[in-house]
There are 2 protein chains.
Amino acid sequence: MKMKVKEVADLVGISVRTLHHYDAIGLLTPEETTDTGYRYYSERNLETLQQILFFRELEFPLKEIKNILSEPSFDRQQALQLHRKLLLEKRERIDQMIATIDKTTQYIKGERDMSNEEKFQGFNFNHNPYEEEARKLWGAKAVEQSNTAFENKAVGEKMNDIYRKLAHLTNTPPESAEAQTAITEWYEFLNTHTGHHYTLEAFKGLGHMYIADERFTTNIDQFGAGLAQFMSEAMTFFADHNKN
Amino acid sequence: MKMKVKEVADLVGISVRTLHHYDAIGLLTPEETTDTGYRYYSERNLETLQQILFFRELEFPLKEIKNILSEPSFDRQQALQLHRKLLLEKRERIDQMIATIDKTTQYIKGERDMSNEEKFQGFNFNHNPYEEEARKLWGAKAVEQSNTAFENKAVGEKMNDIYRKLAHLTNTPPESAEAQTAITEWYEFLNTHTGHHYTLEAFKGLGHMYIADERFTTNIDQFGAGLAQFMSEAMTFFADHNKN
DNA sequence: ATTGACCCTCACGTTACGTTACACTTTATA
DNA sequence: TATAAAGTGTAACGTAACGTGAGGGTCAAT
């Protein structure tokens, strides 16, 4: 079951150039390449391609997709479930946009009023500002590495260090001095390495996400059971007690 | 009610740079610009922006959006209805992808079988190969102009010529020699100017779309009542009688 | 043996912004 | 009213994900 480029391209509805590109950047390397240079894609290649397209549909950058797929901890089933969830969210956004259209139609006819915010319901993807952070956590280092490539190895390690440090403290109270010291480190880490400046409120909000969104929870808990819960509490305490 | 760049950007969830860009390419020019160079956006600007974002969501290139919006025949209501329809289609694609995910999950567990085509259900946008053509028709020249700019003027004219020629024949039978000559010209026109090669079957299918899809119908009928119906029949006849 | 449909590798082009860099304005605050 | 903070302006180069030829081999069928 070996397929040539065009066959694959036609099957999945992408261009030959795209397959070439994916090969070039190492995202999808054909299982076999003849000595005349012909690419032959296997069944497994097709399955990887399916994954890639799901990620792409959700607008993940290719570099990130590559990292995620190549991570040893990558689990296809889990990924599919995540995709499912994100697709549902996307569908909801579309529904919102349709609603906005209907409202606008009425508004034009003078049948109703409309606030400026309403006029843009559904577009606001920045409506969930943690999506970005979710990507970072989902396959922790994966995304980090996709950024500046070199010093990030150290950065990824640092990140893991902090997680591990915190994981050792999960049976001490989140308000304890050690816990707060570690959380302070986490706060500073995020502010110096994500490009994002976190206000205390945002930091607290992020903490909530750790337990509200299972994507966060499952990934954080890989470093130790209950870590997400623990971090969330510690982050809340930190935020509430540093508003000088 | 004058708004500055950042206010607009924050309201609709895009970047300031994007607004600058839209201004630079003449897609959205702020209603007022102070002598210090500050951009001030009006209510009307916001409404245009809403339109732009709808088009963008449906992946129309900016150049095309610009042409469409600036066409005198542009009707906001009609546009909104088209957007609505396309969004519904997009939602359906998402549903298909979700179904594909569910199937894949079962497939992995060995609970069912799955063909290669099934694995990519929902991605295949080229599944509706007429979308492209729909864009071309929707604001006929608008899209054409967006391509190579100069010789396209001639091409657009040619296109209109053929439409007009056919419109004059709507009360002759579609099998008549004149009608078939004109349709042949149309067939050749499409094959030489769209980059797409139309097989006879595809040509016939396109003809069906002219009456099946109202987007086509309304636009074609602008050249004469019943033209879409007429062309459809002539195209079918042409296809059926030219299979060597 | 030939031909038409595919395949390859460059390599430059394109779209829609992101990202500094650097200077000027406006607004909030002391 | 001075001064800082926040916002805004114009360059101008960078980037992601391919598109689009150019020029030249390869394969399967006739």
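Predicted model: local features only at pLDDT ≥ 70, side-chain atom pairs only at ≥ 80, totals over all residues.

Me: What relation do you get when chain A is laid on chain B?
Reply: The superposition has an RMSD of 0.7 Å. It takes a turn of 179 degrees and a shift of 0.2 Å along the axis. That is the relation of a two-fold axis.

Me: Which residue of chain A has the C-alpha nearest the axis?
Reply: The distance from the axis to that C-alpha is 2.8 Å. The residue is Arg91(A).

Me: How much area is buried between chain A and chain B?
Reply: The size of an interface is often given as the accessible area lost when the parts come together. Carbon and sulfur atoms give 65% of the area buried between chain A and chain B. The total is about 4,200 Å².

Me: How many salt bridges are there between chain A and chain B?
Reply: Here's one of them: the side chains of Arg84(A) and Asp102(B) meet with N to O at 2.6 Å. That is inside the 4 Å cut-off for a salt bridge. Over all chains the count is 32 salt bridges, and between chain A and chain B it is 10.

Me: How many residue pairs are in polar contact across the interface of chain A and chain B?
Reply: Both residues of a pair have to be at pLDDT 80 or more. On that basis the rule finds 12 residue pairs.

Me: On to the DNA. How many residues surround DNA strand D?
Reply: Both protein chains show up among the closest: Ser15(A) and Tyr22(A), along with His20(B), Tyr38(B) and Arg39(B). By class, the residues of this surface divide into 6 nonpolar, 6 polar and 7 charged. The number that surround DNA strand D is 19.

Me: Which residue puts a polar side-chain atom 2.9 Å from a base oxygen of DNA strand D?
Reply: Phosphate oxygens of DNA strand D lie 2.7 Å from a side-chain N or O atom of Ser15(A) and 2.6 Å from one of His20(B). Those two go to phosphate. The residue at the base oxygen is Arg17(A).

Me: Which element gives the most to the surface near DNA strand D?
Reply: The elements that give two or more residues there are α2 (16-24) and α4 (62-70) of chain A, plus α1 (5-12) and α2 (16-24) of chain B. The one that gives the most, with 4 residues, is α2(A).

Me: And what share of the DNA strand C atoms within 4 Å of the protein belong to sugar or phosphate?
Reply: DNA strand C is surrounded by 20 residues, the closest including His20(A), Arg39(A) and Ser15(B). Polar side-chain atoms lie 3.3 Å from a phosphate oxygen for Arg56(B) and 3.4 Å for Lys63(B). Thr36(B) has a side-chain N or O atom 3.1 Å from a phosphate oxygen. The rest of those strand atoms belong to bases, and the sugar or phosphate share is 75%.

Me: Where does the largest share of the surface near DNA strand C come from?
Reply: The elements with two or more residues there are α1 and α2 of chain A together with α2 and α4 (62-70) of chain B. By class, this surface has 6 nonpolar, 6 polar and 8 charged residues. The largest share, 4 residues, comes from α2(B).

Notes
Residues numbered from 1 in each chain as written. Chains lettered and ligands numbered in written order. Heavy atoms only, no water. Buried area = accessible area lost by both parts, 1.4 Å probe. Polar contact = N/O pair within 3.5 Å; in protein donor to acceptor, adjacent residues only side chain to side chain. Least-squares fit on C-alpha atoms with pLDDT ≥ 70 in both. Near = heavy atom within 4 Å. Nonpolar A, V, L, I, M, F, W, Y, C, P; charged D, E, K, R; others polar.
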